[in-house]
Amino acid sequence: MKAAAFFEYGPADVLRYADVADPVVGPHDVLVRVKACGVNHSDLDSRANTSRWDFRLPWVLGAEFVGTVDAMGSAVESVQPGNLVTALLQYSCGRCARCESWRPDLCLHLKIFGTDCWGGYGELVSVPERAVIRLRPGDDPLAIAGGQCIVSTAWHMVNRLALVRPGDLVLVPSASGGVGSALVQCAKLVGATVVATAGSKPKAERVKSLGADEVVLRSADDLEYGPPHVLRYADVADPVVGPHDVLVRVKACGVNTSGRTCPCCARMAPWSPAARTPTRSSVSTW
Ligand SMILES: [Zn+2]
């Protein structure tokens, strides 16, 4: 098959449209003919050799792809040739202790398309049947391939981690980014009131158009309302003590986040020799 493969690490121009080996299709696999493929930032790190993983070159990247079923293994029953499909961009083994403990995200044998096996930068991809997702005939391959990682991450955050419910108040910082813009839409679908922040007026207008109820425009004037390092140990006015008040000298104080926080690490950690291990923790969403 043809693929945009890289035969050496480097910038984008190391990608070559070249003949590479066809994927192997086992009895439980589906051969997908690719119509569209997203470009994830992890692709750029992998190609530049700044990721955590070593690749046996040539390599075919691409975790997020959409295509049609070209052929199937003898044991496949759920799809037919011509069906429009996508695939879980990463899939678990379904058999290890972590999978059996309902934590497939911690699977010891997790496979990521484009990282552990060839992905959608080629004409064809072999996908295990259990990782295939059927789409509707009229679905837009470009939109699905481009949004799969960010939307699935946001959906997981809203519905599995933060457990957002109708009427909840949700804050989405930096909502103009990929995951942020998907979070605004997912939280609105659930019925939450969404307050978002954005760094410029055009970005704020875009976030508003996605359904955010309020968009706070961050500016240089807002820096006093920022991350913890804006806190300063300084002299301020003493509290007023009325006839019915007690003045308490503080010995300890907690930090109340007044809700559920759900940070998302959207990019793998930068490369370092110590970090070059096959751990997956940095790409989980917690
Ligand atoms: Zn597993």
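**Core and sheet of a predicted model**

Trainee: How many residues does the largest nonpolar core have in this predicted model?
Mentor: The model is predicted, and its largest nonpolar core can be approached through the residues with the most contacts inside it, namely Val32, Leu183, Val184, Ala187 and Ala196. Counted as a whole, this core has 54 residues.

Trainee: Which helix gives the most to this core?
Mentor: The core draws at least three residues from each of domain 1 (2-145) and domain 2 (162-229). The element that gives the most, with seven residues, spans residues 141-161 and is helix 3.

Trainee: Which residues does Ala196 touch, not counting residues up to four places away in sequence?
Mentor: Ala196 is one of the residues with the most contacts inside the core. With residues up to four places away in sequence left out, the partners of Ala196 are Val172, Ala175, Val184, Val207, Ala212 and Val215.

Trainee: What is the order of the five strands in the open sheet?
Mentor: The edge strands, each pairing on one side only, are strand 8 (124-128) and strand 9 (132-134). The pairing is antiparallel, and the strands follow the order 8-3-4-5-9.

Trainee: Which residue in strand 4 does Val32 stand opposite?
Mentor: Strand 3 (residues 29-37) and strand 4 (residues 65-72) pair in the antiparallel sense over seven bridges. In strand 4, the residue opposite Val32 is Val69.

Trainee: What angle does the direction of helix 3 make with that of strand 3?
Mentor: Helix 3 packs on the sheet and touches strand 3, strand 4 and strand 5 (84-87). Between the direction of helix 3 and that of strand 3, the angle is about 100°.

Definitions and conventions:
Residues are numbered from 1 along each chain as its sequence is written. This is a predicted model: local features need pLDDT of at least 70, side-chain atom pairs count only at pLDDT 80 or more; totals for chains, interfaces and linings use all residues. A nonpolar core is a set of buried Ala, Val, Leu, Ile, Met, Phe, Trp, Tyr and Cys residues joined through C-beta atoms within 7 Å. A residue is buried if 20 or more other C-beta atoms lie within 10 Å of its own, exposed if 12 or fewer, and partly exposed in between; C-beta atoms are placed from the backbone. Helices (H or I, at least four residues) and strands (E, at least two) are DSSP runs, numbered from the N terminus. Domain bounds come from an automatic or database domain assignment. Two residues are in contact if their C-beta atoms, placed from the backbone, lie within 7 Å. Two strands pair if DSSP finds at least two bridges between them. Axes are lines fitted to C-alpha atoms, for helices over the stretch in contact, and angles run from 0 to 180 degrees between N-to-C directions.
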